[in-house]
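Here's a quick briefing to read alongside the model. Have the sequence and the 3D view open, and follow along topic by topic.

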Amino acid sequence: MRDSAPVRHRRIGVIPGDGIGPEIVAATLSVLEVLTTRMATPFALDVVEIDAGADTYRRTGEACSPEDLRRVREDVEATLKGPVGLPEVRTPDGVEAGVLGGVLRTGLDTYANVRPVRLLPGVDSALSPSRARSPGGWRGQGRAGPADSAIDYVLVRENTEGLYASRGKGVGNRWAVSDTLLTTREGSLRVARRAFELAARRSGAPADGVRRVTCVDKSNVLRSHALFREMVTEAAAGYPDVELEYRYADAAAQDLVLRPGHFDVLVTENFLGDVLSDLGGATVGGIGLCPAGNIGDGPAYFEPVHGSAPELAGQERANPVGQLLAAGMLLDHLGHDDAARRLEETVASVLDTGGVRVAADGTVPGGARAVADAVIAALRV
Ligand code: IPM
Ligand code: MN
């Protein structure tokens, strides 16, 4: 008998976070522990715990120490981050402390915030009841067809500039405050290229199978957005197999509701992406089910889109699905795409077969532990 190959070890950082963060992160790690041993080529994840967030700020005066930031940058291959932030923990000028956007997104230059929006089997979309109620209604008026209502797109949000370049830096006095929207040529080009690369690897929009990047902006109003559009157009030249189209952000908001199936990959400015990704989340069962990857050319980290919901902490009601799917994105990023797919499929099957019921308010009975147990049971069969 041949000796089996040594199990490959990957080092990941883990930020448990605030509020429900530690519960959903622990549940996710327990799932990963089983998943990694169930794959055709088993592997192991070695966890380096990183202390960061609002509670860290409260204890130490810093949201993340330089040493912990160095670990994320140098000691690990990617990081799984829980939600952070506590409403009562604020900096002296009144903004929430410990939300980490400035420290991690800007600090690590993770310029693409990749937010998949996919309607999983077994999850009700907020869009479907009205559709069900009006067969031949607005649908029959030529505004959208059945294929238009499938939802599987990725929103790529520019993550280091845009309006949020002003994060915590607005200027003002007691009469007025101003925040600046920053758009650079290089910053726009690099996130646009990321969006095209993603579209090239996907199989196109659900409605027509066309590989498509939609540039979402308000270039009819803002010069900064006009530059963004110009740079997305420039990037498109390198990807002849991907269609480029443009939507003003207000029209995009409408179409994400009326014909989500048209979309494949969207690329947009930071603030618009923040707003539109919550809109997208609402159409696929809520942002509690939505993951995000913060990706640049160096270290990347993965997190749920939702916040830390401190009012739910310790009540066995926290929904870990966004965190689990964020772990799936991390595995994919590390090249374990088979494990990523297995995790996503298992989470979807548990939601589909009723093993896990997400309540209307986004919580789950039994909380993160119950969901993890159901996922682990499904992985073992
Ligand atoms: C997100 C969040 C953050 C953001 C907040 C918590 C600062 O809403 O990741 O979408 O706006 O970037
Ligand atoms: Mn947000």
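Three salt bridges link domain 1 and domain 2, where a salt bridge is a side-chain nitrogen of Lys or Arg within 4 Å of a carboxyl oxygen of Asp or Glu. Keep in mind that this is a predicted model: local features need pLDDT of at least 70, side-chain atom pairs count only at pLDDT 80 or more, and totals for chains, interfaces and linings use all residues. Residues are numbered from 1 along each chain as its sequence is written, chains are lettered from A and ligands numbered from 1 in the order in which they are written, and side-chain values use heavy atoms, with hydrogens and water left out.

**The two domains**
- Domain 1 covers 1–110 + 296–381, and domain 2 covers 117–289; these bounds come from an automatic or database domain assignment.
- Their C-alpha centres are 25 Å apart.

**Where the domains meet**
- Arg118 and Glu344 pair up in a salt bridge, with 3.7 Å from N to O.
- Helices here are DSSP runs (H or I, at least four residues), numbered from the N terminus.
- That side of domain 1 is made up of six nonpolar, eight polar and six charged residues. Ala, Val, Leu, Ile, Met, Phe, Trp, Tyr, Cys and Pro count as nonpolar, Asp, Glu, Lys and Arg as charged, and the others, Gly among them, as polar.
- In contact terms (heavy atoms within 4.5 Å), 20 residues of domain 1 touch 15 residues of domain 2.
- About 1500 Å² is buried between the domains, with carbon and sulfur atoms giving 52% of that. Buried area is the accessible area (1.4 Å probe) that two parts lose on being put together, summed over both.

**Around ligand 1**
- Ligand 1 has Arg105, Arg115, Arg157, Tyr164, Arg167 and Asp274 around it, each with a heavy atom within 4 Å of it.
- An N or O atom in the Arg157 side chain sits 2.8 Å from an oxygen atom of ligand 1.
- Arg167 has a polar side-chain atom 3.2 Å from a ligand oxygen atom.

**Salt bridges overall**
- The whole structure holds 28 salt bridges.
- One of them joins Arg58 and Asp55, whose closest N and O atoms are 3.3 Å apart.
- Arg58 and Asp55 are about one helical turn apart, because they are three residues apart in helix α2 (residues 54–60).

Definitions and conventions: Polar contact = N/O pair within 3.5 Å; in protein donor to acceptor, adjacent residues only side chain to side chain. Helix = DSSP H or I, 4+ residues; strand = E, 2+ residues; numbered from the N terminus.
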